[in-house]
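Please open the structure in a viewer and follow the selections below in order. Each stop states what to select and what is found there.

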Protein chains: 4
Amino acid sequence: MTSEEKQDTPLKRHIRSVIFGTETKLGRWFDIGLIICILFSVLLIILDTIDSYHQQYGQAIYYAEWAFTWLFTIEYLLRLYGSINRWAYMRSFYGIVDLLSILPSFLALIFPGANVSLAFRILRLFRVFRVLKLLRYLSEGNLLLKAMIQSRRKVFIFFFSVSLIIMALSVVMYVVEGPGNGFTSIPKSMYWTIVTITTVGYGDITPQTNLGQAIASLTMLIGYSIIAIPTGILTAEISHEMVAERDLRKCSNCGTRGHNLQALFCHHCGSELEQHQSEGKS
Amino acid sequence: MTSEEKQDTPLKRHIRSVIFGTETKLGRWFDIGLIICILFSVLLIILDTIDSYHQQYGQAIYYAEWAFTWLFTIEYLLRLYGSINRWAYMRSFYGIVDLLSILPSFLALIFPGANVSLAFRILRLFRVFRVLKLLRYLSEGNLLLKAMIQSRRKVFIFFFSVSLIIMALSVVMYVVEGPGNGFTSIPKSMYWTIVTITTVGYGDITPQTNLGQAIASLTMLIGYSIIAIPTGILTAEISHEMVAERDLRKCSNCGTRGHNLQALFCHHCGSELEQHQSEGKS
Amino acid sequence: MTSEEKQDTPLKRHIRSVIFGTETKLGRWFDIGLIICILFSVLLIILDTIDSYHQQYGQAIYYAEWAFTWLFTIEYLLRLYGSINRWAYMRSFYGIVDLLSILPSFLALIFPGANVSLAFRILRLFRVFRVLKLLRYLSEGNLLLKAMIQSRRKVFIFFFSVSLIIMALSVVMYVVEGPGNGFTSIPKSMYWTIVTITTVGYGDITPQTNLGQAIASLTMLIGYSIIAIPTGILTAEISHEMVAERDLRKCSNCGTRGHNLQALFCHHCGSELEQHQSEGKS
Amino acid sequence: MTSEEKQDTPLKRHIRSVIFGTETKLGRWFDIGLIICILFSVLLIILDTIDSYHQQYGQAIYYAEWAFTWLFTIEYLLRLYGSINRWAYMRSFYGIVDLLSILPSFLALIFPGANVSLAFRILRLFRVFRVLKLLRYLSEGNLLLKAMIQSRRKVFIFFFSVSLIIMALSVVMYVVEGPGNGFTSIPKSMYWTIVTITTVGYGDITPQTNLGQAIASLTMLIGYSIIAIPTGILTAEISHEMVAERDLRKCSNCGTRGHNLQALFCHHCGSELEQHQSEGKS
């Protein structure tokens, strides 16, 4: 409908069906190949940080890395060429992710030198985020995200209340235990409180005084109790969404609602039901 | 309706609309400014406990602290002046929080001297509770609080049973492991039991004997199982509240109940529904 | 109706109403006094295990302990005298708890001597279980217990499956890490697996090899996932019980079911509902 | 119906009813005996890994082990002989488990020698998996498994998203903390992230820098929040399955649905209901 659509050539349309679509055989093979490339390139980056691997295969990993970078560059350019609205693709979430997965390698090439080796190392590492490209293969409109968005206000209130509790307990523990027992500042005390209230419990900072251990016990019991709250909120939301989804399944013959998502026939009149779609197309 | 209302001047009414209300533009700006002030003043108190910051910026933080104290004092006086029933405001939860957020600074001024430096240090720290003033911006009648109040009896029974289990396990572990392995007294043993049953697991006290490790394993499995109970109670409550809320949405035309909270039209007769209100006005 | 009931004297009936009942003023005062005695006597036992308290107040605690023992002995005899069926009381759960709370003191008196001091110490400690007498004050037929009994089969299957997983992971970790890294035997390895799978994580035994850390990561993710299962079972049960309870509230006028537990009037015909009773009588 | 069925002799039928069935008295005794044998043989294997037991009872355990191996071999051969379709039994899950529980002992006999002692030790240990034979006694078609299968897609999306978060946080922590503080490589950093996000918290690797501790705190809060998601999914599924099960209970007289699983009579017309079957036959 835009002027760009008029310049739509058969080549473009073919590229689009292969790269963006999964209906054709070639499109499916392209997607499987892309997933393998992403996983393999991420694996290389991870292995390269292990010292023994870096010393033995460092050079080979470096060349393989560049090969993957060129592959992803070609993929990016093809996507740009094939898309109906190029600017829209570039600004889209996946467009940015695609760009970010090739940019670090080229930036490291432009700014070489030993004095920028740290920045270079970090830049190269962030190519791990290439794995975000796999998000493309998750069906978007899923129940989980919907439930999370629905409950965002309740979850925000929960985290706000938890921060208040963390702050209060941090001040009290800083006063009770003091710098001598590892609670050297309020931020350190907040770190301890979060370690305790989330039931992680490293044990790198532990209360030494009797009063401190009593307050720590209270902190743990609070953490243990409030762990229930986000679960409760989300469960109720997901349950609600599921019931809502079932309620939407209406028999086109008799009008009865509330069929199971797996049901094939209306439980009232026996006529066939339309198939449920929201659970992904894979 | 009280005699105090008769003394309501236009100035008072204006101050009230700015300080307590959010309808006018000035009222909204006042609220945003207040939130920024609270967050900034709390940040200063926290940073002041970090040694390096205290040595470098201690003096500046001290002056900034006093500036915030004066700002909150003016706010408190304005709230007092603008409220219809002053005594009711002073006794209210927010009135007390407002007072407590300025009192420590003045008390520290009245009782100076090196010999009260510890009390002074503690008093100053409790100004962190200024952050409680942010509670004002949470809509009160929310689902979460309602669900928690509804389930208070069940949660009490749960915590009472858990204390019984903790006490029993503490005595057994004190007898089995003894003072030699860190279980120096029953309170210390109770501290260990709480650390274990809440799955925090610092590792500062760990069982050394085989029997102790077996009982510890049992303790962990108990903790792992009963973590489910508060979640179950709260989830059922929240779910119940949600269904109850949906049931309250009645179509004024045909009388059908059970509409989604987001629904705009009756799913039975198609007439427009009144908008749902309980989820906050933001 | 039994022959024992014929010997029921006014004195007996009065004692019964005071000790077992809560309807009379004296009965309520007796209960409050008993609760205070229990909590105070348990506190004494706990404090006595703290070394500094034992050295300073040991003698006083010893005398107070005997005072409480005599009080509970008198209470036990009065309960025995006042009950309609004495043998039934003695065999009942509370009868046994009452007896166990006084027996250790007398047993320690009968078998004195330095050579039995350990057994004596342990016996005295188990008087902490006096706290179980407080169970009397919880309303019995509560939702929680019902939900747990309903889900006992599902929970058993869950724990059976978890034990299989724990056993399998223990063997694998014992083979991978070996005695050199703290996994000295399969029971020790099972202790580590339980510490890890319940997300306690003391850190007294940690995997040192790369493969061991990979398997440990898997163990943690398993533990993190299956924590959901008992919660799910119990939540569904509690939710189910709640709906069932609501469904039982039937309007005596029009027969409509499903009223809120807090509802006072029928939502269909408006006639008054009978009050809901199952949430305890306190 | 197959040719194998024609060769069905009374002896075969008798063996089948004893070994596979639980209807006859002999069949039940066989099952109870088998369960005891399995538990006892697994206990022996576990105890043999404890050094003191191995030195004292090693020889006795060795002989007992062989006795159990022969018992299970006889059981396997009888099952093979008694089954209608032998090849189907051998390929079945339980057939493989039965074979695996006897194979290691014989393999260790075939390949002796000191140089294969490690492999031998490992092989013997895996006989612990004999415990899997107990799976036979769990009713198959249970609610739990159904709920898990129903939610497999949602759980996969959840674990995929969690892996993305773990990978991102691992790279950030590797960059922030570096090899000096124990984050020697990205795999090691991933191990730390999993230890933290699952709230296990060994404390063998802990962040030392301020920024690292801030990111760690964030990691814990993320872990604390997302623990809710699998619970929410599974709870909603189980709840859904339960409602579906209730809905299936239809009165054969009046056609009303939605009876309690424990209900004996229709709540509408009072006629007797067919008994519910899906909760196992024990």
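**Stop one: the interface of chains D and A**

Select chain D and chain A: together they bury about 4,400 Å², 71% of it on carbon and sulfur atoms (buried area is the accessible area, with a 1.4 Å probe, that two parts lose on being put together, summed over both). Within chain D, select D:Arg153, D:Met220 and D:Tyr224, which supply 16% of the area that chain D buries against chain A, more than any other three residues. This is a predicted model, in which local features need pLDDT of at least 70 and side-chain atom pairs count only at pLDDT 80 or more, while totals for chains, interfaces and linings use all residues. Residues are numbered from 1 along each chain as its sequence is written, chains are lettered from A in the order in which they are written, and side-chain values use heavy atoms, without hydrogens and water.

Between the two chains there are zero salt bridges (a side-chain nitrogen of Lys or Arg within 4 Å of a carboxyl oxygen of Asp or Glu). Next, select α13 of chain D (228-248); this helix gives 12 residues, the largest share of the side of chain D that touches chain A.

**Stop two: A:Lys188**

Select A:Lys188, in helix α11 (residues 186-197) of chain A (helices are DSSP runs of H or I, at least four residues, numbered from the N terminus). The side chain of A:Lys188 makes a polar contact with that of D:Gln213, at 3.1 Å (a pair of N or O atoms within 3.5 Å, one able to donate a hydrogen and the other to accept it; residues adjacent in sequence count only if both atoms are side-chain atoms).

Key:
Helix = DSSP H or I, 4+ residues; strand = E, 2+ residues; numbered from the N terminus.
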